[in-house]
Amino acid sequence: MERLYLRQDIIAQPLVLRWQAWPQLLFPPTAALNVVGRHLKIMRSFVQAPQAHEAACRNPALRSGPFLDAPAARKEEIRALIEETERRQRGLLELTQAMAALDKLLLDEARGRSLEPLYARVPEQLRGYVELVYDTRNRPSVRFLEPLLYRGPAYDTSVQGFALFPEAKDARRFMLSTPLLPQEGQVELALPFDAPAIDALVRMKDEPGSREELEERLRVPAHQRELFRTFFTPEAPPKPDPVPAGRVRVRYFGHACILVETGETSVLVDPVLRHGAPGEDSFTFSSLPARVDHVVLTHAHSDHTALETLIALRGRTGTVHVPPGGGSLQDPGLKPMLERLGFRDVRELGMLSPQQLGPGVTLTGLPFLGEHSDLDIRAKHVVLLEALGHRMMFATDARNVEPRMFEHVHRLIGDVRTLFVGLECEGAPLSWLYGPLMPEAPERTADQGRRLNGSTSDMAMQLVRLFGVKEAFVYALGLEPWLTPVTGGAHGEHSLPVVETRRFVETCRAEGIPSERLFLSKEIVL
Ligand SMILES: [Fe+2]
Ligand SMILES: [Fe+2]
């Protein structure tokens with residue numbers, strides 16, 4: 001039997017009833033609130049006035065707004081998707097009612113007395129899945145028992161699936177506002193996200209295998225088999241080049257995705273990868289080593305915990321290191337989520353608790369303030385990676401709102417050679433990401449004031465000076481074209497983050513510190 005490779009440019013996009021998967025669509029309580037407060041709302045609005053959505057999507061000022069980016073002619077398909085959602089996600093719709101009822105129960109009755117009598121009155125869908133708690137001011141809240149919820153009826157894998165398509169046929173629009181409709185060149189698979197068959201599919205990018213066998217395992221629909229067969233090639237992919245002995249190689253793959261390799265150990269931070277053959281100007285999935293020993297995630301935003309890339313990496317990943325946290329609606333834990341996605345070794349990285357990842361390679365979690373609209377979200381960390389004596393700090397989107405914090409950190413850990421910092425200093429308002437989770441819409445001033453802001457140039461310069469940084473890179477700005485489905489589109493040259501980035505780079509250089517804004521790709525050998 002002919003043994004073939006999966007083409008490097010084939011993408012397997014995980015979908016939840018046609019919507020691109022992201023962390024809030026996995027945890028059942030947040031998935032439920034998104035289905036009601038985002039998906040159904042946008043789709044119903046589109047069906048009412050498709051031309052208005054079409055017009056809004058042509059206006060760059062409204063990019064990443066709540067507008068469904070599909071031709072008005074596809075109105076009937078959206079109408080059918082609404083009906084399918086109401087039918088197949090009825091359990092989630094009921095879960096939102098259960099959460100509202102529990103919220104009301106706590107508001108009305110949890111006034112400082114024992115919470116024990118309330119357990120019997122928790123709505124059925126949530127019974128046994130929550131702990132009712134007070135803080136020391138007797139303010140009640142709900143703690144979700146996440147690993148149980150992921151294994152209960154609310155986590156329904158029958159609505160999960162994948163769309164397979166070549167990069168050139170990528171029809172994905174902004175994931176928060178537009179479902180991925182069927183289109184020519186796209187194969188659709190009804191498979192749960194943790195299906196081992198998906199690992200077998202991706203493995204064929206490196207190792208040849210039997211296409212026919214795979215076709216059976218993936219349950220490719222008969223009418224799509226012909227197309228599916230075009231996704232394979234007899235041609236072996238190029239072998240990634242080895243790391244020079246005794247050196248550390250750092251490769252920027254776009255956005256916040258950075259691969260750090262020594263001869264023995266590979267560490268991939270915030271993976272979000274493009275597919276296809278490695279171009280002159282970018283690394284791709286095929287530039288990765290056959291085995292990624294460690295994946296490090298900094299926080300649960302969808303441009304850092306990018307599920308399409310993570311699922312594609314699952315079969316070749318050793319350990320995933322995530323920030324600790326979780327338990328609440330706004331802060332679902334990454335460990336139970338990734339375990340439910342089929343990752344076998346997920347570890348929560350304690351703060352200031354260095355972990356040895358390989359010979360001469362250690363990883364340390366540091367505090368991450370801000371960028372989460374002042375919500376009580378703990379699943380986020382800045383990470384310090386030390387490789388063969390070179391210390392690199394990945395500050396990602398952390399906003400340096402309290403310089404004293406980093407002063408304390410500096411006293412404990414000392415200087416850092418290389419800083420990677422995002423200057424997304426004009427992020428979206430609170431409601432953009434968290435609105436569907438809030439029982440009451442925030443008032444306008446609060447919404448606009450509590451933004452998902454990263455550091456400004458001045459805030460990042462404080463880090464450069466404090467940690468005696470020798471080289472500073474600005475990254476995580478969502479500038480690469482393959483980030484569009486995740487971020488909604490790139491910043492213009494006159495946007496505040498880009499202006500602040502120029503200011504930061506110039507200030508660093510004026511102080512004798514090499515600095516640049518990363519874009520598309522970069523390699524540094526230390
Ligand atoms: Fe973020
Ligand atoms: Fe980000």
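Donors are N, O and S atoms within 2.8 Å of the metal (3.2 Å for Na, K and Ca), and since water is not among the atoms, sites may look incomplete. By that definition, the iron ion (ligand 1) is coordinated by His 299 (NE2), His 301 (ND1), Glu 371 (OE), Glu 371 (OE) and Asp 397 (OD), at 2.2 to 2.5 Å. This is a predicted model, in which local features need pLDDT of at least 70, side-chain atom pairs count only at pLDDT 80 or more, and totals for chains, interfaces and linings use all residues. Residues are numbered from 1 along each chain as its sequence is written, and side-chain values use heavy atoms, with hydrogens and water left out.

**Iron site**

- Along the chain, the donors of the iron ion (ligand 1) follow the spacing H-x1-H-x69-E-x25-D.
- His 299 lies in the loop between strand S13 (292-296) and helix H9 (307-313), and Glu 371 in the loop between strand S17 (361-366) and strand S18 (382-387), so the pair ties together parts that are 72 residues apart in sequence; helices (H or I, at least four residues) and strands (E, at least two) are DSSP runs, numbered from the N terminus.
- Both His 299 and Glu 371 are buried, meaning under 20% relative accessible area, with exposed over 50% and partly exposed in between (1.4 Å probe, protein chains only).
- Asp 397 coordinates both the iron ion (ligand 1) and the iron ion (ligand 2), which are 3.5 Å apart.

**Strand S6**

- Seven of the seven residues of strand S6 (residues 160-166) are buried, so this strand is largely enclosed by the rest of the structure.
- S6 pairs with strand S2 (residues 10-16) in the antiparallel sense over seven bridges, where pairing requires that DSSP finds at least two bridges between two strands.
- Three bridges join S6 to strand S7 (residues 187-189), and these two run antiparallel.

Key: Chains lettered and ligands numbered in written order.
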